[in-house]
Amino acid sequence: MNDPAPAGAHGLMAEFERPEDLLAAAKKAYAEGYRRMDAYSPLPIHGLAAAIGFPRTNLPIATFLCGLLGGLCGYGLQYWVHVIDYPINIGGRPMHSGPMFIPVTFELTILFAAIGTVVGLILLNRLPQPHHPVFNVPAFERASQDRFFLCIESEDDRYDAGSTRTFLEGVGAVEVSEVQP
């Protein structure tokens, strides 16, 4: 039976000096069966999201749908104004001229897609989040400077305080700290 986390600990956090060490440790942890973990780095590390089993989101689909909605709104607004609500025939031109509607349609497509993406990112990242248990680890302040961290959470099915600590020390961690809530 797994040893529960002591006194409601959030998990264990391993500190690494190089991004390659963090990536290798994350791959080993995933191969070992750990699924509830997160990695923290001051710079993007190619392949890290896949190494910790981070799922792909539907954010690109939401961005596309928001952009499509923006394009339809832009085109529809212009069509309504120029053809239905206030038609003015200037120089014998047709009331509905698609090329004339392109700039506003394009701009609203980009605007809606950008706003949809920002709102989606905020919701998917559960922001604002002024406090997270990893902030309680004193060394974690270096996560935005020059250190790399891997946190295995206590909710993981394979989590065992002693064996998880031994595992993290065995994958080359400089230091393993307990994360208190």
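**Lining of the largest pocket**

I sorted the lining of the largest pocket by residue class and got 16 nonpolar, six polar and seven charged residues. This is a predicted model, and I read the entries below with that in mind. The lining comprises 29 residues. I looked up which of them lie nearest the centre of the pocket: Asp38, Phe54, Leu124, Asn125 and Arg126. Then I went through the elements. Strand E2 (37-40), helix H2 (48-51), helix H3 (59-85) and helix H4 (98-124) each give two or more residues to this lining. Which element gives the most? I found E2 there, with four residues. For volume I noted about 1000 Å³ of space.

**Second largest pocket**

By class I have seven nonpolar residues, three polar and one charged.

**Helix H1**

I checked the length of H1, residues 19-32. At 1.5 Å a residue, its 14 residues should span 20 Å.

Which residues of H1 are buried? I listed Leu22, Leu23, Ala25, Ala26 and Ala29. These cover an arc of only 165 degrees around the axis, so I place them on the same side of H1. I then asked what they pack against. The partners are strand E1 (11-16), E2, H2, strand E3 (148-153) and helix H5 (161-170). Two of these names were already in my pocket entry: E2 and H2 each give two or more residues to the lining of the largest pocket.

I also looked just past the helix. Gly33 follows H1, and its phi is positive, near 110 degrees.

**His132**

My last entry is a loop residue. His132 lies in the loop between H4 and E3. Is His132 buried or exposed? Its relative accessibility is 17%. Buried means under 20%, so I count His132 as buried. I then looked for its contacts, leaving aside neighbours within four places in sequence. His132 is in contact with His10 and Tyr40. Tyr40 falls in E2, which spans 37-40.

Definitions and conventions
Residues numbered from 1 in each chain as written. Predicted model: local features only at pLDDT ≥ 70, side-chain atom pairs only at ≥ 80, totals over all residues. Heavy atoms only, no water. 1 Å grid on protein atoms, 1.4 Å probe; cavity = no way out; pocket = protein on both sides within 12 Å on 5 of 7 lines; lining within 4 Å. Points joined across faces, edges and corners; volume = space filled by probe spheres on them. Nonpolar A, V, L, I, M, F, W, Y, C, P; charged D, E, K, R; others polar. Expected span 1.5 Å × (residues − 1). Buried < 20%, exposed > 50% of the residue type's maximum accessible area, 1.4 Å probe, protein only. Arc of directions from axis to C-beta. Contact = heavy atoms within 4.5 Å.
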